[in-house]
Amino acid sequence: MKTDVSQSAAPPPLLAVDGLTKSFGTLKANDAVDFDIVEGEIHALLGENGAGKSTLVKMLFGSLSPDAGRILWRGRPVKIAEPSTARKLGIGMVFQHFSLFDSLTVAENIALSLEAGTPLSTVADEARRLGEAYGLTLNPHAMAGDLSVGERQRVEIIRCLLQEPSLIILDEPTSVLTPQEAERLFETLETLKGEGKAILYISHRLEEVKRMCDRATVLRHGQVVAHCDPRAETAASLAAMMVGAEVEAVRRSPADHEAAGRSRTAVLCVSALDQKPLGPFSTALRGIQLEVHAGEVFGIAGVAGNGQSELFEALSGEQLQHDPDAVIIDGTPAGRLGPNGRRRLGAAFAPEERFGHAAVAAMPLTDNILLSRHASDASAYLSGGRFAVLRHSALGRTLGRVVKAMDVRKSGENPDAATLSGGNLQKLILGREFDRQPVVFVVNQPTWGVDAGAAARIRQTLLDAANAGAGALVISQDLDELLEICDRIAVIADGEMSEPLDARTVTREQLGLLMGGAEPEKHHGVAA
Amino acid sequence: MMRVELVRRSQHSALFSAVSPLIALAITALIGAIMFAALGKSPVAALHAYFIEPLTEIWSIHELLIKATPLILIAVGLSICFLSNNWNIGAEGQFVMGAIAGSVLPVLYPGLTGPLVLPVMLVMGLAGGAAWATIPAFLKARFGTNEILSSLMLVYVAQLFLDWLVRGPWRNPEGFNFPETRSFHADAILPEMFSASGRAHYGFVFAILAALVVWFVLSRTLKGYEIRVLGESPRAGRFAGFSARRMVFFAFIVSGALAGLAGIVEVSGAIGQLRPTISPGYGFTAIIVAFLGRLNPLGIVAAGLILALSYLGGEAAQISLGVSDKVANVFQGVLLFSVLAADTLIRYRVRIVRPAPARLEPAQ
């Protein structure tokens, strides 16, 4: 490593990738990808989900080996067979999904990734020193389980910096941060850049990329479609490169917004909803209060892990309430009803996790249609009375209808759900629910991990449902999405919900402050 | 250091998936041939004694059906358990408890006779097996206890309970102190189907009926759908409004009842009394039957006949070749491994990874 540093001023780029190719079966995840990154540069890797960003990064970090092509480190070809090799070269990685043990302290978590035998006190001191140097304030003795998502990310960054990398790869770093937390991350990245470190910044958030990055490499279907200077591009032109076509923006029309504002028919009414944590690291819900009106899109913003999934399960009936009146669906108290009881009242639900929650991967699509509709549409899909024999022909007809309405791309007549891409499966899941023409529709992260085309379609469908008179409750981490389609937005932070705000007048800063929980310690004090 | 990884194949061959059980049987025969060669026996003669000889005579086919009956009954129940992700390994114990419960009438009340005795015995057998299976189900649903351990441990409790009964309170008073109960009277014996040609009893009909009913439920009804959804993904099952907790009880009770029925059918049809040991491990072999039959009740009928053949073959080989009857167990074990290996290797391929150290190649 020492000899390498002396060469750092030499002309070859820090890292260059030349013709890198990786196939999975018949799918070319990376097809002759090339790009380079120099020291003191923030380089963006742009692309939709499934464009091949993760595959490329995994090859750079040694989790996958390329089928063809070369990786050049400081001008010399290297083989990176596993992550430890990458670390030895000086490549550090901050993952999108954090790998911290909740029941260990920050210092203990960091020590796990270091050579065995490093004393904990040394680790703690070093972590504190790095934290101060880069503005990553952190208490090394705090339990990881008690940290906010932003703080957890800081632990991951410090863990990465301790290896003294020359290249840092950040995978979608801001997807879990509030706007304010993201701001602090950007400052840290600027400092690192000033020290001559190279940063490979993976994101699909165009504004960030335009602001932070010196150069960008855009991937589509595994191929490099452009190397560009993001500052010279517009967000729209970057998006067009990523998607390959202009994506129409889906927006709530002012007239619909006005109409929704006048609606007074509550189709979903939640009051004083409390729920204890379901497990050691689950969030408690406290005093949730909300009303979704017919014809309205109601958004719930918040940073991941602040009670969104808990709220969803409380609304869907997967978790029951003590008080029947805590959840009222279309005028009927439903707090003691399970998912099917609530569906019979006209509610429909689409959870965040597609595989293993909203759908069963190893089952054909018709079986997945049945998953949420066997009770609410029993007369259509079941025959034989108590024997409840399945009517596969009726299921097949519904599948055909949903596929057509939502433009679901699939191979074969009735393939297993596992064969669908994330976006197509999500369209199928939402289509399955829309097909029932629900009175109220609760969705959690409807476009998470979905390509831009499918996301636009899904948002449009939510708006169509509202225009048809249904109430939609959209839980999402994507502020842009909520601002585009919602009439009112409330923020959930640490299991508590803010007052709803008018989506047309609210600012991102207001929402960001609420998402940060605006002094959560105080709440803890009151609760205790 | 070298490490071996399993990598999921992007698509697996439909043909190989379909013939996977046959591949497993072929591998088992091959390993068996090698084993016999190592024992100094002619592999051809040994395999002939094992797999062909028992099929050459009518009485022997009757014996095959007798052995296949409990295997099919138990494995059909286990298919519900395994598909719903409930690992009932204690069917052997439920078999024993079904046999004990079903034997209460003929052993304790030998004076009671008439056409109603047998149906009551069968129902008590069902109930006994179901009750024994309820214990691990309750422990799992209430305390989250691992059902593999609790159901397996209850096997030994049941076996020792039977042992104590036949040596103690249920011992035949006129039996010269042999550890066995009195022989069942005629009304308590399950009749033979074709008594002119062999001993095969109506238990085999029960087994076929059970397989057909469970096949219909699994493939055609909402209950079968519920079983499969909860087995694939409990969370998706909860979203669908199904209760995983109730499924634990359902799966254990149905499979326990079928194992209990197998127990009383075996005692009433094949043995005619209770003894310290009433099963050569049917409850465990049925696990192999269930997987060899791909957890499909119709496949299980075929698999049950094959495994029954390995029991008969073991006896035949013991007589004609003088090899230990434990060879049958070896065969069954090899077969289970082959089935699991064939299924795994059809879905995954083996990759050997040799991690290279950080290697800087010279600049060009």
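Two strands count as paired if DSSP finds at least two bridges between them. Keep that in mind as you click through this predicted model.

**Stop 1: the sheet in chain A.** Select β6, β7, β8, β3, β9 and β10 of chain A, in that order: these six strands make up an open sheet with mixed pairing. At the edges you'll find β6 (91-94) and β10 (223-228), each of which pairs on one side only. Look along the sheet and you can follow its twist, which averages 20 degrees from one strand to the next.

**Stop 2: strand by strand.** Start with β7 (residues 167-171) and β8 (residues 198-203) of chain A, a parallel pair held over five bridges. Show Asp171(A) and look across to β8(A), where Ile202(A) stands opposite. Next, pick β3(A) and β9(A), which are also described by parallel pairing, here over four bridges. Leu46(A) faces Val218(A) of β9(A) in this pair.

Now go on to β10(A). Which way does it run relative to β9(A)? The two are antiparallel, with five bridges joining them. Ala216(A) has Cys228(A) in β10(A) as its bridge partner. The pair forms a hairpin with two residues between the strands, and His221(A) in that turn has a positive phi of about 50 degrees.

**Stop 3: zoom out to domains.** Colour chain A by domain: domain 1 is 2-243, domain 2 is 250-346 + 439-528, and domain 3 is 355-437.

**Stop 4: the core.** The largest nonpolar core has 261 residues, and Ile169(A) and Ile74(B) have the most contacts inside it. Centre on Ile74(B). Beyond its neighbours within four places in sequence, its contacts include Ala91(B), Phe95(B), Leu258(B) and Tyr282(B).

**Stop 5: where the chains meet.** Select the 23 residues of chain B in contact with 36 residues of chain A. On chain B's side, α9 (222-232), α10 (234-239) and β3 (359-360) each give two or more residues. Which element gives the most? That's α9(B), with five residues. Colour chain B's side by residue type and you get eleven nonpolar, five polar and seven charged.

Note on methods: Residues numbered from 1 in each chain as written. Chains lettered and ligands numbered in written order. Predicted model: local features only at pLDDT ≥ 70, side-chain atom pairs only at ≥ 80, totals over all residues. Contact = placed C-beta atoms within 7 Å. Nonpolar A, V, L, I, M, F, W, Y, C, P; charged D, E, K, R; others polar. Axes fitted to C-alpha atoms, helices over the stretch in contact; angles between N-to-C directions. Core = buried A, V, L, I, M, F, W, Y, C linked by C-beta atoms within 7 Å. Buried ≥ 20, exposed ≤ 12 C-beta atoms within 10 Å, placed from the backbone. Domains from an automatic or database assignment.
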